[in-house]
Amino acid sequence: MARAVAVNVAANTNEPGFRGPVYPDGSFAYVPIPESADLLPRGRIPVDEPLPTYADLDLPFSIPDDLRETPVHMDPEFPGVHGRNAATYGDPYAVKAGPIATLEPGDWLLFYATLTLRPSGWDGPVGDGCSARPDPETVDDDLAPEWGAYLFAGLRVGRVLDGPDRSTAADFAPTNAHLKRDPFDARVVVAGDPDASGLFDRVIPLSASEGGATANRLVTDLSSDSGKGPWWRRPMRFDEEATARLLDRIGVP
């Protein structure tokens with residue numbers, strides 16, 4: 001039986017200054033964070049490709065003009081999402097890398113993000129002064145009223161590289177964003193099953209419906225986290241029984 005770890009990723013109010021949207025029916029948009037590190041010259045990365053910018057992303061809403069040419073840190077990456085072809089993830093931070101390194105082939109690395117509730121068909125712009133909110137009567141009952149933490153994607157683990165060097169990581173995850181950085185900084189790199197990994201059709205709420213800062217039972221009853229304090233920033237572990245229940249909720253066979 002599989003185990004799982006869930007980690008917080010994607011755009012937030014610090015980077016790049018806004019959260020991605022979640023819509024009244026639970027659909028959403030995955031918005032990566034900006035690339036903040038020094039990079040290798042293009043000819044020295046394992047796969048010769050341009051670094052994507054926000055203008056290159058397949059987003060259903062407009063972004064500020066001054067952000068369009070900002071490079072993005074495309075991590076995690078999933079086949080068919082924002083022009084990517086692989087399922088990989090790398091992380092430089094010990095607090096997340098430690099739990100991820102315990103995963104084995106067949107386990108799940110899940111991703112959650114804090115998302116802002118937006119009306120159906122909302123096309124932006126994001127940024128200061130944007131206060132578009134849907135009619136409460138149109139919103140699914142399990143969504144938080146303003147912002148919340150939501151599971152939105154999963155990577156079925158094929159291989160976990162704990163403390164890899166650049167060469168080893170390049171053999172198994174050559175398109176991962178950390179291989180473009182100078183120096184290479186990932187403490188853990190995960191290569192996933194491309195056929196079983198990807199975005200969910202609908203978010204799975206981790207926040208309670210009354211407010212984003214309140215954890216629901218998927219956090220307090222199933223995960224290793226207490227749901228106290230800023231729980232939405234911390235990694236969460238799920239044992240085999242909890243993972244089975246969580247995957248059933250997500251709809252993973």
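**The second largest pocket**

Author: Strand 9 (198–205) and helix 4 (240–250) each contribute at least two residues to the lining of the second largest pocket. The model is predicted, so that local features need pLDDT of at least 70 and side-chain atom pairs pLDDT 80 or more, while totals for chains, interfaces and linings use all residues. Residues are numbered from 1 along each chain as its sequence is written, and side-chain values use heavy atoms, without hydrogens or water. Helices (H or I, at least four residues) and strands (E, at least two) are DSSP runs numbered from the N terminus.

The second largest pocket has a volume of about 230 Å³. Its lining comprises 13 residues, of which Leu-199, Phe-200, Asp-201, Ile-250 and Val-252 are the closest to its centre. A pocket is an open set of points on a 1 Å grid where a 1.4 Å probe fits, with protein on both sides within 12 Å along at least five of seven lines; lining residues have an atom within 4 Å of a point. The volume is the space filled by probe spheres set on the points, joined across faces, edges and corners.

Strand 9 gives the most to this lining, namely five residues. By class, the lining has eight nonpolar, two polar and three charged residues; Asp, Glu, Lys and Arg count as charged, Ala, Val, Leu, Ile, Met, Phe, Trp, Tyr, Cys and Pro as nonpolar, and the others as polar.

For comparison, the largest pocket has a volume of about 700 Å³. Among the 29 residues that line the largest pocket, those closest to its centre are Asn-8, Ala-10, Asn-12, Glu-15 and Lys-96.
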